[in-house]
Amino acid sequence: MNNKIVRISALCVLITSCAFAQKKETISTQNELNEVVVSDSKFALAKEKSGKVITKITAEDLKKNAGQSIATILNTVAGLEINGSHSVAGKNLGYYIRGGKNNQVLILIDGIPLNDASGISFEYDLRLLPVDQVESIEIMKGAASTLYGSGAATGVISITLKKSGKKAIEGNAYLNIGTNNTASTKKTSAQDFNQGFSVNGNVKKVNYFASLNSTETNGISQIAPPNPNANYEEDGFSRINYLAKLGYKATDKLTLDFFGNYDRIKNDYDYSFDNTGSNDTNLNTTKSEQFRFGFAPKYKYTKGDFVLNSSFNKIVRAYNDFDTYSNKAGFSQYDSRSVNVDAYNKYEVTQSLFFVTGAQYQFHDMNSVTPYGNIAKEKTKFNMIDPYVTGVFNSDFGLNLNIGARLNIHSQYGNQLVYNVNPSYDFKSIPLKILASYSTAFVTPSLYQLYSEYGNADLTPEKNSTIEAGFETHFLNKKIRLNAVGFYREQTNFIGFYSNPVTFKSNYINIDGMNKAKGVETEVSFALSEKIKWNSNYTFTQVDTALDRLIPKHKVNSSLDFQINSSLFFNVNYQYVDGRKDAFFDGNTYETKKIVLGSYQLVNSSVRYELIKNRLSVFGAVTNILNADFVENVGYSSLGRNFKLGLNIKL
């Protein structure tokens, strides 16, 4: 690691030298100002004034990746590993950022935090959301509990959904059809279908947006067959999504926004891999349903803005799980309800200084019915009230400073204070910005960890702290852009599962000790010409043994975009994922076995052609062109070479 730090330091010296050589370069201030981010202050901020390296996936980027899932697109971002994005559609996803896991990554949709309060780790299932409803995504890595509360320990993935356009009425319809093969199967029939439509408009003071999406996938067994002759059944996956938005502009200063959505996924699943060769089954099915609605008024006044984000979210998960011991199917259902109210205000003291003050209220409860026992929601609930404040200072001479704090007041464990300090300096005379931050975060125990049959009401939240430093620069009139960030993260008070070897009593506990993660994330983009652009990123992650599962030490993504003419676009991309450690319970020896999964490389390509400008387009995509046979999770199927065709009509 020391050698890598030396190389990074040398690179910084080289970049600074090159930057001074370009001292007289004309910088297009207007283009910089057009690039805005929201995640590090909750309000639009020019990117050069932000003290974080925030990756933004725009609507144009999503168009270039037509046919891909949210998980697959996120998996190409520096610092992110989305495990399961190359597996069967119904496979659970793992979100790994800076050595953290799912419960340490916060998912926001239109600024509202989402989780499944009935889950063991409170995580949100991104499989519920189709990429076709998404307008843009921002990814901010590092501890961010000051602004966003529990769960924002290693990163925040902020998703903005589509909204109405400017016309009175317009619509969109699309259809994608593709194959669904592993490296050892060669089915040519269509097994992957995705279709939907939307309608939106703006009439005087009222705007609206409504969409419907459905997805059906089949053709692959979730568990990988042990040999080519094994005839494993196919595990299907289906999803349906309804989304409606309604906005009313009451005055020039006040807008009222309402939303509601229903999402449902159904899929077949196999038994957990245990190396016995008997994990395939056609009897296990699951269904997850999500019901969301909310209200978000916004008021703009002379010195700032006031926003109220409120939502209600209900998730119901049902499982029909065949029990080999009783030789019958057992039914389990988990219900959760979550209420979120986040009121915050931006007040501009001067043109250079503004404060964001707010208070967030969250309520969660759950109940479950299983063959092994029930959990009643009357006794399984908690609430949190968190006041917070953040100050943002942007000087004329290049200094930017973001400082904030949040007090978490929890109905079960009491209080928790987190804070952040994030200075950056933009050298106005040269194209170089340096940045640093120190931030803390917390992850609250879940309802299951507190109140289930394995619960422990004395649990306290996991604690995280992250320090990072880096730079952003550009050359040749912004044709080359480069950034790099080094980070060091510590987590303590981690919540783990403990079984007493004498009494065999099991429960969740706070584990003493500290686990650490460190690494480097770097991105480079090069506009080779007006039509050709090359983007690449590299991530180095080193974690302690306790965290080292399914996290690649080295990861590379590289993509070449070629706008051949005004109608024809071509892309080819490459991904390298280093070897990862995994583990499974061996049903033959009754021991947990550790294994190292091999590294793998993927090459993908896509082409899009506009038959009618801004009206009718078609695309074709090939994933895993070289048909690499790799393992993403031990014992489970991974995708081989597949083809997809799509049609998009704008009405």
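## Strands β8 and β9

In this predicted model, Lys-141 has Gly-155 of β9 as its bridge partner. Strand β8 spans residues 134-141 and strand β9 spans residues 155-161. The two run antiparallel and are joined by seven bridges.

## The five-stranded sheet

Strands β8 and β9 belong to an open sheet of five strands, ordered β3-β8-β9-β6-β7, in which the pairing is mixed. The edges are formed by β3 (54-57) and β7 (112-114). Each of these has a single partner strand, so one of its sides lacks a neighbour in the sheet. From one strand to the next, the twist averages 25 degrees.

## Tyr-388 in strand β20

Tyr-388 is located in strand β20, which covers residues 381-394. The residue is buried, because its relative accessible area of 4% falls under the 20% cut-off. The side chain of Tyr-388 makes a polar contact of 2.8 Å with the side chain of Asp-342.

Tyr-388 and Lys-266 are separated by 122 residues in sequence, and their C-alpha atoms are 39 Å apart in space.

## Ser-605 in strand β32

Ser-605 is part of strand β32, residues 600-612. With a relative accessible area of 13%, Ser-605 is likewise buried. A polar atom of the Ser-605 side chain lies 2.9 Å from the backbone oxygen of Asn-571.

How values were computed
Residues numbered from 1 in each chain as written. Predicted model: local features only at pLDDT ≥ 70, side-chain atom pairs only at ≥ 80, totals over all residues. Heavy atoms only, no water. Helix = DSSP H or I, 4+ residues; strand = E, 2+ residues; numbered from the N terminus. Buried < 20%, exposed > 50% of the residue type's maximum accessible area, 1.4 Å probe, protein only. Polar contact = N/O pair within 3.5 Å; in protein donor to acceptor, adjacent residues only side chain to side chain. Pairing = 2+ DSSP bridges. Axes fitted to C-alpha atoms, helices over the stretch in contact; angles between N-to-C directions.
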